[in-house]
Amino acid sequence: MLIRVFPDKAALSRAASADAAALLRAAISERGEARVVAATGTSQIAFLEHLCEEPGIAWDKVELFHLDEYLSLPADHPASFRRFLNDRLVSRVGIQRVHFLDGAADPLAVVCQTGAAISGGPIDVAFAGIGENAHLAFNDPPADFETEAPFLVVELDEACRRQQVSEGWFESIDDVPKRAITMSVRQILKAKTVLCLASGLRKATAVAASFGQGSVSPVVPASMLRQHAGTTVYLDPDAASGLTEADVRRWA
């Protein structure tokens with residue numbers, strides 16, 4: 001794993017998008033296609049904006065998988081992750097092969113169908129963020145580190161749901177769904193490369209717990225990224241503020 005600290009969120013977003021674009025171009029050049037897992041949330045907005053502007057990506061050769069989605073939330077809801085990805089990536093660059101997680105459909109059928117699809121080949125790169133409770137995708141603590149199932153139906157904890165309100169996606173916690181579909185931790189780690197972005201003081205505690213002196217633990221789901229040699233974590237100074245200089249050097 002590698003940690004890189006940038007002067008600000010704009011710089012880390014540009015760097016991550018340049019790295020993502022290079023990985024996509026390389027996969028398409030080598031295999032004729034690239035298979036990607038895309039995340040949502042505030043950490044991804046500027047990153048995806050820059051990624052859409054990267055030149056030389058044959059987006060018609062890209063197959064996209066969706067990291068997580070709320071249950072019982074229509075696709076046109078402002079907080080829908082399907083809407084987020086469609087508006088900020090899919091429709092902008094014209095990706096044709098997209099596996100959205102339909103939170104309004106039968107969740108067990110969605111888990112089964114999408115799990116079969118993602119198991120059909122290697123994943124070149126997964127985009128991710130870190131929740132304020134250190135969740136990875138919607139794997140809240142304590143996360144299931146053992147299951148090999150590609151996707152799970154999970155209960156969202158209160159800290160996770162409150163984060164969605166504080167970031168402005170919902171008006172109150174009563175509006176936030178209590179259940180979601182998420183890619184499992186082990187499935188995320190099957191990607192050849194993971195690009196994980198985190199910025200802002202609100203992420204500092206989770207970042208420190210994940211990559212500081214503590215151990216890898218289901219109570220800190222993002223800590224599992226330590227065990228993936230192909231992970232790069234992109235931080236701004238605020239998000240990195242809970243790490244010591246020794247922590248940063250350890251992962252440099």
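Student: How many aromatic pairs does a search of the whole structure find?

Tutor: Seven. Keep in mind that the model is predicted.

Student: What do you look at in a pair?

Tutor: The distance of the ring centres and the angle of the planes.

Student: OK, take Phe-6 and Tyr-234. Stacked or tilted?

Tutor: Stacked. The ring centres are 6.0 Å apart. The planes of Phe-6 and Tyr-234 meet at 15°, and stacked needs under 30 degrees.

Student: Where do Phe-6 and Tyr-234 lie?

Tutor: Phe-6 is in the loop between β1 (2-5) and α1 (9-31). Tyr-234 belongs to strand β10 (residues 231-235).

Student: Is Phe-6 buried or exposed, and what about Tyr-234?

Tutor: Phe-6 counts as buried, at 12% relative accessibility. Tyr-234 is buried too, at 1%.

Student: Now Tyr-70 and Phe-138. Stacked or tilted?

Tutor: Tilted. The planes are at 55°, and the centres are 5.3 Å apart.

Student: What does that pair tie together?

Tutor: Tyr-70 sits in strand β4 (residues 68-70). Phe-138 is in the loop between β6 (125-129) and β7 (151-155). Those parts are 68 residues apart in sequence. Tyr-70 is buried at 1% relative accessibility, and Phe-138 is buried at 2%.

Student: Which residues do ring pairs link into a cluster?

Tutor: Tyr-70, Phe-81, Phe-138 and Phe-170.

Student: And what sits over the ring of Phe-84?

Tutor: The charged end of Arg-88. That end is 4.3 Å from the ring centre.

Student: Switching to helices. Which residues of α5 are buried?

Tutor: Helix α5 spans residues 158-166. Its buried residues are Cys-160, Arg-161, Gln-163 and Gln-164.

Student: What do they pack against?

Tutor: The buried residues of α5 pack against β4.

Student: What's at the ends of α5?

Tutor: Asp-157 caps the N-terminal end. One of its side-chain oxygens lies 3.3 Å from the backbone nitrogen of Ala-159. After α5 comes Gly-168, with a positive phi near 90°.

Student: New topic. Which residues touch the most other members of the largest nonpolar core?

Tutor: Leu-51, Trp-59, Phe-127, Phe-211 and Leu-235, out of 89 residues. The element that gives the most to this core is α1, with nine residues.

Student: What is Leu-235 in contact with?

Tutor: Leaving aside neighbours within four places in sequence, its contacts include Phe-6, Leu-12, Val-207 and Leu-243. Phe-6 is the ring that stacks with Tyr-234.

Student: And Gln-44, buried or exposed?

Tutor: Buried, at 0% relative accessibility. Gln-44 is in helix α2 (residues 42-53). Beyond four places in sequence, it touches Phe-84 and Phe-127, among others.

Student: Last one: what about Arg-83?

Tutor: Arg-83 is partly exposed, at 33% relative accessibility. Helix α3 (residues 81-93) holds Arg-83. Not counting residues up to four places away, Arg-83 is in contact with Ala-75, Asp-76, His-77 and Pro-78.

How values were computed
Residues numbered from 1 in each chain as written. Predicted model: local features only at pLDDT ≥ 70, side-chain atom pairs only at ≥ 80, totals over all residues. Heavy atoms only, no water. Phe/Tyr/Trp six-rings, centres within 6.5 Å; stacked < 30°, edge-to-face > 60°. Helix = DSSP H or I, 4+ residues; strand = E, 2+ residues; numbered from the N terminus. Buried < 20%, exposed > 50% of the residue type's maximum accessible area, 1.4 Å probe, protein only. Lys NZ or Arg CZ within 6 Å of the ring centre and 35° of its normal. Contact = heavy atoms within 4.5 Å. Polar contact = N/O pair within 3.5 Å; in protein donor to acceptor, adjacent residues only side chain to side chain. Core = buried A, V, L, I, M, F, W, Y, C linked by side-chain atoms within 4.5 Å.
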